[in-house]
Amino acid sequence: MAQRQPEPDHRAAEPRARGAGPADAGPRVTTRALLLGLALVPLNVYWLIVAELRFYVVLTLNPLFVTPIFHLFVLLGVNAALRRIAPRHVLRPAELVTIYVMLVASCTIATHDYIINLMSAMPFAGWFATPENRWEATAFPYLPRWLLVWDKDLLDGAFNGNSSLYRPAVLLMWLVPLAFWSVFIFAVWWAMLCLTVLIRRAWTDDTRLSFPIIRLPLAMTREDRSGPTMRSAALWIGFAFAAGLSLLNGLHEFYPALPHFQVRARWFVFRTPPWNAIGSLPVTFYPFAIGLCFLVPLDVSFSCWFFYLFMRAERLIGHLLGYDAVPDFPFVTEQGIGAWYAYGFFLLLITRKYLHNAVRVALRPIGDADAAEPMRYRTAFWGLIVGMAVFVIFWRAAGMSLGWAIVVLVTYFLLALSITRVRAEAGGQHTVWDLEPRNLFRLFGSRAVGPKNLAAAAVSHWYWRLNRSHPMPSQLEAFKLAHEHGMNLRGLVAPMLAAMVVATFCGMWACLHVFYTDGAAAKCRGFGNWTGIESFNWLGSAINQGFPAEPRRWAAVAAAAGFVAALSALHARFPWWPFHPLGYAIGPGLIWLWMPFLIAWFIKFFVLRYGGLRLYRRALPLFLGLVLGDYVMGAIWALIGVFRHIPTYQIFH
């Protein structure tokens, strides 16, 4: 099994801590890199929105986003040409990292799971309200009207297309709610950045986490690209295999006579009892996913695929025991609530001494204890407090009671810590939405929660949904990547914030432009109907029919929390223990990725068992090549679709 990671050194926040240094140490962010990053961000955002919203060619569903890797690949090609004709203009590694980090920051905003969800949900209730669903009578009185758009005449162009966004009445209708949502987005992104600064050293410098997501961009941005990475024959063999496979499968979309090798989901359906209780299993062979999963420690990758199948086995056992008639059995959502809460509290427990020292330094600065951090702990601490205050005030104004707003705030930040740690250890999570208010309120009953809180939960669903582009993991990975290059971390904060702001405005504009040009309901294959349906159908049902609090749901939450606590204790005590608690938390959501985790775990197990670290190091470039080749070809297909305005092959889903 993988080597056990040591406990964090909680003394890291003390003065003159290991790894600390002057604030101006290391390469700085250059004006050239900042300007080039700011020029590429709007292009990247428009590319993402058109590909994902118009054609549903999704490039941001996985934690290693496709387009920043493609941009980095192109910049390396430009660098190769500049070395021959103008060596003095070659982009240095720190500049490549800066541009890459800015593009990643833009992808946390302009994405299928974030800004597209918001823009799809805002007009949904006003447009789809009918006498049959009775939303106008039952739900509208409780909805915060200032956060949504309502004028059906002006929305006709957005849903049917062939219209103009640039009419004063249309722009004014969208301007006010988007301004309020922008304040919320900025506050949350800033608060996540501050929280990242407070825990950065504990999880990057003082704990040996694998950080699979940064391994490819790290290899691509190293100044010496000789050795086992970018000049490795194994890497280019992997690249050629994955890119060639994607090329062939993409051409098959246009020329069906060409062969096709299915790597996307095939649904394995059990048709006979009792096995049909398992449901259908998606079987996938994504080259990029196998490559990324190969970077994950063995105990983590094993736990990920094992607990996905474990949850399916629960359905079979429940069927055999006669629990089919129990609604929602085996309560996967409630198990997720218990698992994520327990895992989050476990992370607070093991990081508590470090956080205590960081807060102590923030309140009573001691020398240069935080000199090497992206910002002073005082700034990060009070910035976090301000961001949290804006969060609570925003949802109080939206109708949520103070008590529930605080519960939701704590839950969101606890989940942010958990997802960030999962990304640092497992490289990715998928479909994480168990802790969102809609599910939490289900535990207490609709009458106890009240209609205003229910309405606020429905309106907030867009940013809780799936959490695949959550900003905090990308922020921590950005600092880890820069730290590996010895960069001045403080210089990265402004470029990241600038990229986020530009991406927010450009993303909102790009969505509206596509809406009014092509029609959200007419031609947009990636229009988030599901976001509106999940939000407002749920709200209508919760208000009209209601739902009671059920002890069996609480029992599932408690059992899952206890199980994670037991797994955490056993994993910390016994080096041979194969089950990692994060696998139980994210396992049920690995719908598309459980098979790549299984394949990569199997290969890595035998590589380490029979070839040791030497063979593993020799094989590593091959798997990085799988990721790079799949991503580059997938990005090219998406670009072809955007420029030619046609649907093209996508490498995922």
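In which handedness of crossing does H10 pass H24? Some notes on that and a few other spots follow.

1. First, the ground rules. This is a predicted model, with local features needing pLDDT of at least 70 and side-chain atom pairs counting only at pLDDT 80 or more, while totals for chains, interfaces and linings use all residues. Residues are numbered from 1 along each chain as its sequence is written, and side-chain values use heavy atoms, with hydrogens and water left out.

2. To the opening question: H10 passes H24 in a right-handed crossing (right-handed if the near helix is turned clockwise from the far one by less than a right angle, left-handed if anticlockwise). Helix H10 covers residues 233-254 and helix H24 residues 594-644; they pack at about 30° with their axes 6 Å apart. The axes are lines fitted to C-alpha atoms, for helices over the stretch in contact, and angles run from 0 to 180 degrees between N-to-C directions. Helices here are DSSP runs (H or I, at least four residues), as are strands (E, at least two), numbered from the N terminus.

3. That angle makes H10 and H24 roughly parallel to each other (under 35 degrees is roughly parallel, over 145 roughly antiparallel, 65 to 115 roughly perpendicular, and the rest oblique). The residues of the contact of H10 with H24 split into 18 nonpolar, six polar and two charged. For the bookkeeping, Ala, Val, Leu, Ile, Met, Phe, Trp, Tyr, Cys and Pro count as nonpolar, Asp, Glu, Lys and Arg as charged, and the others, Gly among them, as polar.

4. H13 passes H22 in a right-handed crossing.

5. On cysteines, a search of the whole structure finds zero disulfides (a disulfide being a pair of cysteine sulfur atoms within 2.5 Å). Cys293 is in no disulfide, and its nearest cysteine sulfur, that of Cys304, is 7.7 Å away. Cys293 counts as buried, at 6% relative accessibility, and Cys194 counts as buried too, at 0%. The classes are buried under 20% relative accessible area, exposed over 50% and partly exposed in between, with a 1.4 Å probe and protein chains only.

6. Now Gln475, which sits in helix H19 (residues 471-484). At 0% relative accessibility, Gln475 counts as buried. Where does the side chain of Gln475 reach? To the backbone nitrogen of Leu193, at 3.1 Å. The criterion for a polar contact is a pair of N or O atoms within 3.5 Å; within protein, one must be able to donate a hydrogen and the other to accept it, and residues adjacent in sequence count only if both atoms are side-chain atoms.

7. Thr138 belongs to helix H6 (residues 135-138) and is buried at 9% relative accessibility. The side chain of Thr138 reaches the backbone oxygen of Arg134 at 2.7 Å.

8. Backbone geometry next. Most residues other than glycine have a negative phi, and most peptide bonds are trans. Against that background, the peptide bond from Pro273 to Pro274 is cis, with omega near 0°; Pro274 is in the loop between strand S1 (266-269) and strand S2 (280-283). A cis peptide bond also joins Phe329 and Pro330, with omega about 10°, and Pro330 lies in the loop between helix H12 (298-320) and H13.

9. Asp328 lies in that loop between H12 and H13, and has a positive phi of about 70° although it is not a glycine. Tyr56 has a positive phi as well, near 55°. Tyr56 is in the loop between helix H1 (31-54) and helix H2 (66-85), and is partly exposed, with a relative accessible area of 22%.

10. Ala86 lies in the loop between H2 and helix H3 (93-107) and counts as buried at 17% relative accessibility. Leu281, in strand S2, is buried at 11% relative accessibility. Leu281 and Val101 are 180 residues apart in sequence and 36 Å apart in space, C-alpha to C-alpha.
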